[in-house]
Amino acid sequence: MVHFVGAGPGAPDLITLRGAELLKRADCIIYAGSLVNPALLDMARDGCEIHNSAKMTLEQVLEVIARCDAEGKDIVRLHTGDASLFGAIREQMDALDRMGIGYDDTPGVSSFCGAAAALNAEYTLPGVSQSLIITRMAGRTPVPEKENLAALASHQASMVLFLSSGMMEQVQAELLKGGYNEQTPAAIVYKASWPDEKVIRCTVGTLAQMGAEHGIYKTALLLIGDFLDCGYERSKLYDPGFTTEFRQAEKPGVES
Ligand code: SAH
């Protein structure tokens, strides 16, 4: 049995209780060593077999899984953040299906949530944006043309860019081409929730310059949108004049 587990963004206490329990019980852990905090491995029991997948191919990962599974071992495949985002889990799950090996998936706190927390930010401010676009700049992994960054930027919704901090010049140019302006608030969050976390507030116009000044080219998220610095409407949910499933409006007649 393989347990895919989201490790969270970095701080070891941001893994879920379920994820931690699976780590403690595992006979074998294969962790994404480029981004998973190795401090999480302190939870492993004595004698647990540990592999760093940063140095392995998919085939080598599957080889370890096949051998351990044949030995009746419990395997944890530990991915950074939440495995459903840029986690390359689908290809592993499909291979496990072919191999007849069972698996389950335990969610984690994605780094886009860690970054928002580092900024005390809310992506979905009423009257500002009710949508969050999670994407990346095309790199060695292409992005479908219909999702090119300028086209997505034209919505001017809240946006988070993964895997793009090594290409900030191009990111900035595409964002401006698409519709954000030089003054649109932006932020670079490096290693959210790690001890060496860095939070840099800037604008779309200064994104590349600030990234270069701080020497950031990896392990960072780029956040863009007015949600980072603007006025907003207060929520309907907590408005005294608003009736919800759980609470009657103080002033009658206001609903929905
Ligand atoms: N599944 C992961 C993302 C993996 S892709 C998640 O849910 O967070 C790897 C990219 O995620 C990195 O290039 C970087 O853009 C981002 N990332 C991962 N951990 C991060 C962190 N602690 N702080 C900032 N960005 C992070």
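Which polar side-chain atom lies 2.8 Å from an oxygen atom of the ligand? One from S110 does. I am counting a polar contact as a pair of N or O atoms within 3.5 Å.

A word on the model. This is a predicted model, with residues numbered from 1 along each chain as its sequence is written. Local features need pLDDT of at least 70, side-chain atom pairs count only at pLDDT 80 or more, totals for chains, interfaces and linings use all residues, and side-chain values use heavy atoms, with hydrogens and water left out.

The shell numbers 18 residues, with L85, S110, S111, A192 and A220 the closest; a residue is near if one of its heavy atoms lies within 4 Å. By class, 11 are nonpolar, five polar and two charged. In that scheme Ala, Val, Leu, Ile, Met, Phe, Trp, Tyr, Cys and Pro are nonpolar, Asp, Glu, Lys and Arg are charged, and the others, Gly among them, are polar.

Now the domains. An automatic or database assignment divides the protein chain into domain 1 (2–106) and domain 2 (111–228). Their contact, meaning heavy atoms within 4.5 Å, takes 11 residues from domain 1 and 12 residues from domain 2. Both domains give residues to the ligand shell, so the ligand lies between them.

Methods:
Polar contact = N/O pair within 3.5 Å; in protein donor to acceptor, adjacent residues only side chain to side chain.
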